[in-house]
Amino acid sequence: MTTEAAARRMPGAPCWVSLLAHSLPATQEFYGALFGWEFRPGPQHFGPYARAFLDGLEVAGVGELAADRHLPVAWTTYLASDDADVTAEQIRSCGGTVGVGPLDADDAGRMAIASDPQGAIFGVWQGRTMLGTAVSGEPGTPVWNELVTQETNSVAPFYEHVFGFESEAVVSADFDYLTLHIKGKPVAGIHGVGNALPRDRGPHWMTYFAVPDTDAAARRVVELGGHMLRSARDSAHGRVATVADTEGAVFAIIQRR
C-alpha cells in the first residue's frame with residue numbers, strides 16, 4: 001500500500017470512491033478499457049456491485065442502480081470514519097442530511113450516504129475487512145477529491161466540525177479554494193466556483209483519477225462513448241480534463257507533474 005493510500009485511511013480522509021450506474025456490464029467495459037481495471041464481485045447489499053482492481057489492488061467500486069431508484073449516475077466520495085453512527089449524528093447536528101444508513105455492507109464495513117448543508121452528496125465508510133482504496137496516485141487510481149460548491153465559507157465549517165479538517169485557504173484574489181488537512185496532510189479540497197456551478201448538478205464532490213497522458217486519456221474517453229466536458233488544461237498540480245462516462249457520470253483525469 002502506498003503512503004498516499006495509507007493517508008486516505010485516516011478518519012475524515014477520502015478513502016473510497018463508488019459509482020452507481022444503470023448498466024454494470026457496460027460501465028465495467030468503459031472503465032476497464034480506460035484505466036485497465038479488472039472487476040470482482042463486491043458486497044451485494046444494494047444489488048449487483050463489483051470492486052475494481054488494478055494490479056491486484058482494489059481502487060474503486062461500481063454498483064448497479066435498481067430500476068425503481070431514481071438516483072443520479074455519479075461518482076460518490078466516501079470519507080473514512082471510526083464510527084459511522086457517531087459521524088451520522090454529527091452530520092445531522094451540523095445541518096447535513098443522512099439519506100441512507102448507517103448500515104452494514106456485509107462484513108466489509110459500515111456505511112452511510114449523506115449530504116452537506118448545501119446538498120453535496122458524500123459517503124461515510126467505517127471499514128472492517130475492506131478499509132478502502134489500496135493504492136492511489138498511480139495511473140488508473142483516485143488521486144484527489146474535491147468539493148465543488150458555490151463558495152467555500154458557507155460549507156467549510158460543516159466539514160471542519162464533522163470530520164476534524166483543518167482548512168488552509170489558497171491566497172488568490174480570483175480563486176476561492178480551501179485545502180483540507182488532517183494531521184498536517186492535505187487530503188481533499190473545497191472549490192468555490194460561484195455562478196459557474198452547473199445548475200443541473202449543484203454542489204458536488206469530484207473525483208480525480210491519475211492518468212499517464214491527459215490528452216490521450218481524454219481522446220480515449222470519447223472513443224469509448226464518453227464525453228469531454230472541459231478540455232485538457234494545465235494547472236498547478238498537473239494537466240487536467242473534466243469528462244463523463246457513457247452514462248454521464250462526471251470525473252476528472254489528471255497527469256500529475
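1. The lining of the second largest pocket comprises 28 nonpolar, 10 polar and four charged residues (Ala, Val, Leu, Ile, Met, Phe, Trp, Tyr, Cys and Pro count as nonpolar; Asp, Glu, Lys and Arg as charged; the others, Gly among them, as polar). The model is predicted: local features need pLDDT of at least 70 and side-chain atom pairs 80 or more, while totals for chains, interfaces and linings use all residues. Residues are numbered from 1 along each chain as its sequence is written, and side-chain values use heavy atoms, without hydrogens and water.

2. This pocket holds about 830 Å³ of space. Of its 42 lining residues, L20, A74, T76, I113 and I121 are the closest to the centre. A pocket is an open set of points on a 1 Å grid over the protein atoms alone where a 1.4 Å probe fits, with protein on both sides within 12 Å along at least five of seven lines; lining residues have an atom within 4 Å of a point. The volume is the space filled by probe spheres set on the points, which are joined across faces, edges and corners.

3. Strand β6 gives the largest share of the lining, five residues (strands are DSSP E runs of at least two residues, numbered from the N terminus). Domain 1 (13-127) and domain 2 (141-256) each supply at least three lining residues, the bounds coming from an automatic or database domain assignment.

4. An open sheet of eight strands runs β10-β11-β12-β9-β13-β16-β15-β14, with mixed pairing (at least two DSSP bridges between two strands). Its edge strands are β10 (166-169) and β14 (227-235).

Notes. Helix = DSSP H or I, 4+ residues; strand = E, 2+ residues; numbered from the N terminus.
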